[in-house]
Amino acid sequence: MGHLRHGGELMSGIALLLAGLASAGFSATASPPSLRSGGVNTGAPFTSAPTTAIPTGGTGPYTYAWTLTTAPDVGSITINTPAAAGTTVTFDGYAELDTVEGTITGTVTDTSNGHTTTVDVVVSHHYLGEI
């Protein structure tokens, strides 16, 4: 069987195939899969409940990076712990009856082999006003 050069090392075709299969089985989910909040007396700024990226199929240790991938049309969303498995977001810059909605993406990296996977979480907050 032929060998391929990868990262300065010779790897057999079988080793490359196994590395690809390991990457294909690496995934992540989020719990909860969305963060939706709202109501009265929830004026700006408002911090959400947490969501957590949960990796499956890797060997770890893992690193985490949360980014805002879809910005809101109104207001702002700040990711509070961008380098942790779990994060909350803070909604700000909105007025009564506004809905602030966006998407955050968690990237999980298996540092033992460099494989990455992502999970998207829709975050939204609807402010009904003060009573």
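The structure is a predicted model, in which local features need pLDDT of at least 70 and side-chain atom pairs count only at pLDDT 80 or more, whereas totals for chains, interfaces and linings use all residues. Residues are numbered from 1 along each chain as its sequence is written, and side-chain values use heavy atoms, with hydrogens and water left out.

**Overall composition**

- Along the sequence, the elements of the protein chain follow the pattern β-β-α-β-β-β-β-β-β-β-β-β-β.
- Of the 131 residues in the protein chain, 31% are buried, a class that means under 20% relative accessible area, with exposed set at over 50% and partly exposed in between (1.4 Å probe, protein chains only).
- The accessible surface of the protein chain is about 7,100 Å², and carbon and sulfur atoms hold 58% of that area; such areas come from the Shrake-Rupley method with a 1.4 Å probe, and for residues only the protein chains shown count as cover.
- Among the contacts in the protein chain with a separation of 6 or more, 63% join residues 24 or more positions apart, a contact being heavy atoms within 4.5 Å.

**The sheet β3-β6-β9**

- Three strands make up an open sheet in the order β3-β6-β9 with antiparallel pairing, and the edge strands, each pairing on one side only, are β3 (27-31) and β9 (86-87).
- Two strands are said to pair if DSSP finds at least two bridges between them, and strands of a sheet pair through backbone hydrogen bonds, either parallel or antiparallel.
- Five bridges connect β3 with β6 (residues 51-56) in the antiparallel sense; across this pairing Ala30 stands opposite Ala53, and Ser31 stands opposite Thr52.
- On the other pairing, β6 is joined to β9 by two bridges, again antiparallel, and Thr51 has Thr87 in β9 as its bridge partner.

**Aromatic pairs**

- There are two aromatic pairs, under a rule by which rings of Phe, Tyr and Trp (its six-membered ring) pair if their centres lie within 6.5 Å, with planes under 30 degrees apart counted as stacked, over 60 as edge-to-face and the rest as tilted.
- Phe26 and Tyr62 form a stacked pair, at 5.9 Å centre to centre and with 5 degrees between the planes.
- Because Phe26 lies in the loop between α1 (13-24) and β3 while Tyr62 belongs to strand β7 (residues 62-70), this pair ties together parts that are 36 residues apart in sequence.
- Phe26 is buried at a relative accessible area of 6%, whereas Tyr62, at 27%, is partly exposed.
- The rings of Tyr94 and Tyr127 are edge-to-face because their planes stand at 70 degrees, with the centres 5.6 Å apart.
- This pair links distant parts of the chain, 33 residues apart, with Tyr94 in the loop between β10 and β11 and Tyr127 in strand β12 (residues 115-129); both Tyr94 and Tyr127 are buried.

**Loop residues**

- Thr42, in the loop between β4 (34-40) and β5 (46-47), counts as buried because its relative accessibility is 10%.
- Leaving aside neighbours within four places in sequence, Thr42 is in contact with Tyr94, His125, His126, Tyr127 and Glu130.
- Gly75, in the loop between β7 and β8 (76-79), is partly exposed with a relative accessible area of 34%.
- Not counting residues up to four places away in sequence, Gly75 touches Asp92, Gly93 and Val100, and its C-alpha atom is separated by 4.8 Å from that of Tyr94, 19 residues apart along the chain.
- Ala95 has its place in the loop between β10 and β11 and counts as partly exposed at 41% relative accessibility; the C-alpha atoms of Ala95 and Leu128, 33 residues apart along the chain, are separated by 8.8 Å.

**Surface patch**

- Val40, Leu97, Leu128 and Ile131 make a nonpolar surface patch of about 430 Å².
- Patches are made of residues with over 30% relative accessible area and no salt bridge, with like charges joined within 9 Å and nonpolar side chains (Val, Leu, Ile, Met, Phe, Trp, Tyr) within 5 Å; a salt bridge is a side-chain nitrogen of Lys or Arg within 4 Å of a carboxyl oxygen of Asp or Glu.
- Leu97 lies in the loop between β10 (89-92) and β11 (99-110) and, at 56% relative accessibility, counts as exposed.

How values were computed
Helices (H or I, at least four residues) and strands (E, at least two) are DSSP runs, numbered from the N terminus.
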